[in-house]
Amino acid sequence: MAQWAWLVALFPLLAFALMEVAPGRLRLRRDTLGTVAVAASFVVSLAVLVDVWAGARAAASWQWAQVGPVQIPMGWQVDPLSAVMLVVVNLVSLMVHVFSLSYMEGDVRYGRYYAILSLFTFSMLGLLLVDNFLGLFIFWELVGLCSFVLIGHWYEEKANSNAAMKAFLTTRVGDVAMLIGILVLFAHLGTLKYGDIWSAAQSGQLSLDVITTASLLLFGGAIGKSAQFPLHVWLPDAMAGPTPVSALIHAATMVAAGVYLVARAFPLFSLSPTALYWVAVTGGFTAIFAATIAVVQDDIKKVLAYSTISQLGYMFLGLGAGSLVAGSFHLVTQAFFKSLLFLAAGSVIHAVHTQNLHEMGGLYPRMKWTAWTWMIGALSMAGIPPLAGFWSKDEVLLAAYRSPYPILFWLALVAAFLTAFYITRATWLAFFGTARDEQRARHAHESGWRMQLPLGVLALLAAGAGLLGASWFGHPFTHFIAGSVPAGTHLAEPEPAGLVQGLALLAAVAGIAVAGGIYGGGWVSRASLIRAGRPLYVLLKRKYFVDELYGWVFVKGTVALSWLTGAFDRYIVDGIVNAVGWLGVQLAYATGDFDQAVIDGAVNGVGQAVEGGGRLLRRAQTGYVSTYLVTLATAVVAVLILLVLRR
Amino acid sequence: MATSLLPLLPQLLLVLFALAVLLYDLGNEDRPGLGSLAMLGPLAALLGLGIVAGHPGEYWGRMLKVDSFSLFFQLLTYAGTFLVILLSRDYVERQPIHRGEFYTLILLAGVGMSVMASSAELLMIYVGLELMSLSSYALVGMIKRQDQSIEAALKYYLMGAVTSAILLFGISLLFGITGTTYLPDIASALALTKDIQGNLLLIAAVVFVLAGFGFKVSLVPLHMWTPDVYQGAPTPITAFLAVGSKAAAFAGFIRLLATGLPAAVSLWQPLLALVAVVTMTYGNMTALAQTNMKRMMGYSSIAQAGYILTGLVVFTPDSLAATLYYLLAYLFMNIGVFACLIWVANQQESEEIAAFRGLGQRAPFYAVSLAIFFLSLVGIPPTGGFMGKFYLFFAAVQSHYVWLAVVMVINSVISLAYYYGVVRQMWLEPCLPAAPGAAAGGTSRWSMPAARASTSTPPAAASSTPEKAQSWPEPTKPASLALGVAVVISLLLVLLLGLYPQPFFEWVGKAALLG
């Protein structure tokens, strides 16, 4: 079955094409078309995974282009890592398709929504399937485009379209580094194919410096796509998109592309301790940095957004600590529990028409299904055994603990505590306590099977998917995923440590207990808490002022510079013309009256020709053109002098 | 004699059709089919090119050269000329433009461009440049009742005349140093010169010829005419300047540097590197602040010239091939943008960026196409612009010009912002009523931000509510088929260049050898 893996990407592409060209009647069924296509993809991907699990591999490659002696092939491959991710992406995408049937019902751009969703699914699957960096980059940009369109789905609100642009531009910053990284590899090896690059790197064809440089540049792309500090600013704003989109793109799949990139390029990264170090530090720092911000968010989706940033940080920490398994395992489990949380949040938002946690409360009796599935996701993320999040987080913490930088372990442990804290806080504020907005709570209700079914399916996985990697069954996932890298790759497989598991569990329970105490038990009032830690509260509430800083330095800076160059063209040139003009004329005079004669002659000649165009001519004679000409002459002469002096 | 005229077949056919257009137009300005007749010109030239392609070599005392390089640029020229006439068909009906002269001049400018590409002889290149330039000056001023058009023509003419003189002066200096104007001979003479760096006369010659070509391709600081002329010219002519004129000037530029001045590489390489960086950064930065679409495209084309120039700076066979590839993609993405612009201007009587409001609802086809052209200009896959940039980056990195590649990539991110300004208007702003409302809003079609930006107000719909905006009036003028055809052709080629680059890679690889 593995040799049919390319079908997985084909179905959504066909669906998208059909949706775009199909006439009248068919266009009305775009939702069905998209859902059926993804379902078909899901079935195929499942069959592929079974096949690959049994040891099958498949790849195909063909000549795409040739530049001189350099071949640029295009092709696809399936190995354990991509096979697992194919299933994850298809599953979450399918759930989101089903969920949206109800959530997006009656939307003004319902059909377009499904079309872009199909295009996104195709791009994401393509990203997982390709066997070379150029293909990766192409799909990388395509998913970014889809993300841009979907964040701005309700573009009538200016804030939404701004968020879309912010996401696109911020991730492009990372892409700059990534593209250069790809080019560095290409320039040194003349190939972009993963397999060739890995073997070249392992056989010592690349110096350590090149490996480190290329790895870090690639990681730059991952930082942008996976919203790691300092390029994390776009992800919270991306919550402006419809909630199912947040679940699919900004929690489970596209943001995971950065982690996938590092996991994919692990044979390269693992050769450079420096690169791994920076991956680990970035991940570890982001994990705790975003978790602290999540603690004070009032918007249920913003809590989940910062939580996603933090969890992605965990994955990078795992990878940076040298454990491919830890990073990719957490990637899988997070996809399930985080898309579950987002969809559950969507169900709540659909019911109460607000995203503000302080306008919720007391929803449990009316939305038991949503509440229970949410809590499964929350407990899974907090790391309560035997739910999925516990196992994968444990792997990450273990890897950090055994790594050369145990400080990262302690950071991650604090982040684990914070994770349990903020998700318990959100749970309590949304579902329990008294309803703070009676009106909303009274009208809240479940929204039918199309929204409940995905919640149920994802809850099952958020609870059970971890068993794949559980020590109880001898870590089957570990052995499986190790087959995605060439034999010589160094994979850290840390010894289990009881201490780590104990501490992780302790942190999770403590976080839940403290949050439950504060918000459920009423140990301290929220107001007094805010008063006591006012500066800290403001700092977190404003997200460490990173957005403000960027606004000042980059946005205002660019605008100012653009104004400056524009003004230069319009005013300054005129302003300095008297000074420069004199110099220019003198210089022109010195070079033999050449320019001067031409200018005068031309102006006079045309002056006689265009009679009646007095106003025009005055302008041409008195300022504008002469300004330009003087600048032109000055530039030429200045360059000349420069070159002569340099001689 | 017959054999010696053969290599000139495409150019002769073009001249023939130029004369035919002029004659056909004589006495009656409303003859039908004039545009179609003009369009046959470049098509016939393309056929002629097919015949000429079988006879490579040098003719007429080495004045004329038929090689893969000249074939490439001739094809580019004829394709560009054809598309520009396609863009013009609708435009000339709506403007006080004399169609006969207009088409004739376009065809003659095309002849000039193809001559520039088909010679390794500096004087011949210069003659081609002049033929192209003189036609262009007149074309820019074709809307005789518009001050702005004439003003632009005058500026372009005055500045062009000066730089042309500078170029000629540079050529005469080169002739003085080497005793020839034939580029390969210049190269071999210079190869014998020992102290290239210290040769004052040579420095002056190089600087002057660079200035001559730099002006035509709008390199900073010789760019100042670009925004004014782009804005003032009839829009199809703006497109012609952006793609045809620029490509032809680059053809001459490449031929000059690669065939004539490789020995002086240490003189011009650092200079052009600096100019390339300044040009792309300056163009992109200034484009950010524009409110007029044509003016914005003017600055955009300055920035693009900076990208293209990097291929010359790196100066390897790969980088020159990348330059050609980029020029190819650049032709189609720019023609596409201008086709969409003309379509919108026909509807809205305005060329401000604000005129694109709500285009996503009014005309999704043009809106989506324009977005794809923009993506290509920024360099986002899967478009020809991406492949071209990728090829340029690759060539730069391969020759250890990593810093140049970095500057380019950063610049392309900046450029995203101003293209997005238009995209936002198309989808993210409420719809705009068609022409009559806009005219009442007091926006002059030809207001030039350089001089009167502060006085131009966004068209009337600025204050209208979304509900009102939904009920825009039907377009007053029917959509033009010619523009749609131009968009479709451009779109297909932009995507083809992005998705199936192989045959084009081979082609430019061969052309870049200049053999």
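A charge sits over a ring if NZ of Lys or CZ of Arg is within 6 Å of the ring centre and within 35 degrees of the ring normal. This is a predicted model: local features need pLDDT of at least 70, side-chain atom pairs count only at pLDDT 80 or more, and totals for chains, interfaces and linings use all residues. Side-chain values use heavy atoms, without hydrogens and water.

Q: What makes B:R62 a charge over the ring of B:Y182?
A: The charged end of B:R62 sits over that ring, 3.9 Å from its centre. The limit is 6 Å.

Q: Why is the pair A:Y401 and A:F409 called edge-to-face?
A: Rings of Phe, Tyr and Trp (its six-membered ring) pair if their centres lie within 6.5 Å; planes under 30 degrees apart count as stacked, over 60 as edge-to-face and the rest as tilted. Here the centres are 5.0 Å apart and the planes stand at 65°, so the pair is edge-to-face.

Q: How do you know how the rings of B:F72 and B:W507 are arranged?
A: Their centres lie 4.9 Å apart and their planes at 65°, so this pair is edge-to-face.

Q: What does the pair B:F72 and B:W507 tie together?
A: B:F72 lies in helix 4 (residues 68-94) of chain B and B:W507 in helix 23 (residues 502-511) of chain B, so the pair ties together parts 435 residues apart in sequence. Helices are DSSP runs (H or I, at least four residues), numbered from the N terminus.

Conventions: Residues numbered from 1 in each chain as written. Chains lettered and ligands numbered in written order. Helix = DSSP H or I, 4+ residues; strand = E, 2+ residues; numbered from the N terminus.
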